[in-house]
Amino acid sequence: MKPPIRVAVTGAAGQICYSLLPRIAAGEMLGLDQPVILQLLEIPAEKAQLALKGVAMELADCAFPLLHGMVLTSDPKVAFKDASWCLLVGSKPRGPGMERADLLKDNGRIFVGQGEVIDEVAADDAKVVVVGNPCNTNAMICASRFKRLPKTSVTAMMRLDQNRALAQLAAKCGCGINDISDIVVYGNHSPTMFADFFNAKVNDKEVTEVIADRAWLETDFLSIVGKRGAAIIEARGVSSATSAANALIDHVKSLNTVGSGIYSMAVRSAGEYGFASEIWSGMPCRTIAPGRYEIVPTMALTAFARERIAKTNAELLSEREVVQSLL
Ligand code: NAD
Ligand code: LMR
């Protein structure tokens, strides 16, 4: 049996984590031969701590053989201690009529404190994934506190957007999810994101060949994918949870697996694909060693794609302006 890996998860009594934690404990994220210790962080409020206790009771009652321990805490220093994965979910979700950027003021400061503590106490090989919105800019805030750990170890989740794009394309083409490949979502996890259908393939054919309706691709498809989060809030009254948890599992699995192909992840830009440096932007990534990625440098961009990327880049820069005092 391998030694257990410590996985810190914040917002552990929230709705995403209710879908996420059992899947981690069942081995779906790090492997069916990999024991885990879950280090669960919640705010100190009595109600949240009681709810966290309830979640832990349920996890215990699942009798997962790979779950080698649970730590329940409101102290980030305890939660992130020696953690190899830090999954930063805990933060406020938006409600109907809000944009994710409206959360910046409230959520941004969470990632200042957590970034500092992760840098101080997490494992040397710690990988940090930011889910709490607006996740790209929160990732930038978190990484800005790093002195010991590399800033590139902080990524933010675009995988839900990639999965949404996959589902829409498969439905339109009348094919299976696995028939579609190379769909990458660039930029901000916001309506300005750009799901690059030009490079996507249905088996060996270009998506643009299979879907002749270019107007659908350029307008409806991009808008459905970009505004899917709001559509779910409109329908459910609360934001996506099961699909978000699933995307986080996919994100970590891909990042941890050499040969997992090209996937979308928000990473620190050094000027690739026309993005400004030092912002966290969705880009095509591939894994070069477990937990280590590179940005795939060779995707061709059409003029349409460049225009869309310029727009989402501008939005990321304006978010950076808003949080300048936190960096
Ligand atoms: P939720 O309100 O159900 O749960 C959030 C939990 O975080 C709460 O229990 C809260 O007490 C806790 N929390 C708040 N501040 C914390 C802190 N400083 N430390 C630890 N815990 C803290 O919300 P949710 O539906 O689980 O969503 C969580 C976040 O994920 C939101 O910001 C949401 O917008 C975001 N989200 C992102 C994506 C994505 O694709 N990036 C997808 C879905 C949701
Ligand atoms: C989503 O895309 O579902 C999440 O980011 C939640 C939201 O606020 O849209």
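**Exercise 1.** In this predicted model, determine which residues Gly-132 touches, not counting residues up to four places away in sequence.

*Solution.* Leaving out those sequence neighbours, Gly-132 is in contact with Leu-88, Val-89, Ser-91, Phe-111 and Asn-138. Then take its accessibility. The relative accessible area of Gly-132 is 4%, and buried means under 20%, so Gly-132 is buried. Last, a distance: 19 residues separate Gly-132 from Lys-151 along the chain, and their C-alpha atoms are 18 Å apart.

**Exercise 2.** Describe how helix H6 (residues 159-173) and helix H8 (residues 214-226) cross.

*Solution.* Start with the axes, which come within 9 Å and cross at roughly 135 degrees. The crossing is right-handed. Now list the contact residues. H6 supplies Asp-161, Arg-164, Ala-165, Gln-168, Leu-169 and Lys-172, while H8 supplies Trp-216, Leu-217, Phe-221, Ile-224 and Val-225. Sorted by class, the contact has 7 nonpolar, 1 polar and 3 charged residues.

**Exercise 3.** Is Ser-239 buried or exposed, and which residues does Ser-239 touch beyond four places in sequence?

*Solution.* Locate Ser-239 in the loop between helix H9 (228-236) and helix H10 (242-256). Its relative accessibility is 17%; the limit for buried is under 20%, so Ser-239 counts as buried. With residues up to four places away left out, Ser-239 touches Gln-15, Pro-93, Ile-232 and Ile-233.

Definitions and conventions: Residues are numbered from 1 along each chain as its sequence is written. Chains are lettered from A and ligands numbered from 1 in the order in which they are written. This is a predicted model: local features need pLDDT of at least 70, side-chain atom pairs count only at pLDDT 80 or more; totals for chains, interfaces and linings use all residues. Side-chain values use heavy atoms; hydrogens and water are left out. Buried means under 20% relative accessible area, exposed over 50%, partly exposed in between (1.4 Å probe, protein chains only). Contact means heavy atoms within 4.5 Å. Axes are lines fitted to C-alpha atoms, for helices over the stretch in contact, and angles run from 0 to 180 degrees between N-to-C directions. Helices (H or I, at least four residues) and strands (E, at least two) are DSSP runs, numbered from the N terminus. A crossing is left-handed if the near helix is turned anticlockwise from the far one by less than a right angle, and right-handed if clockwise. Ala, Val, Leu, Ile, Met, Phe, Trp, Tyr, Cys and Pro count as nonpolar, Asp, Glu, Lys and Arg as charged, and the others, Gly among them, as polar.
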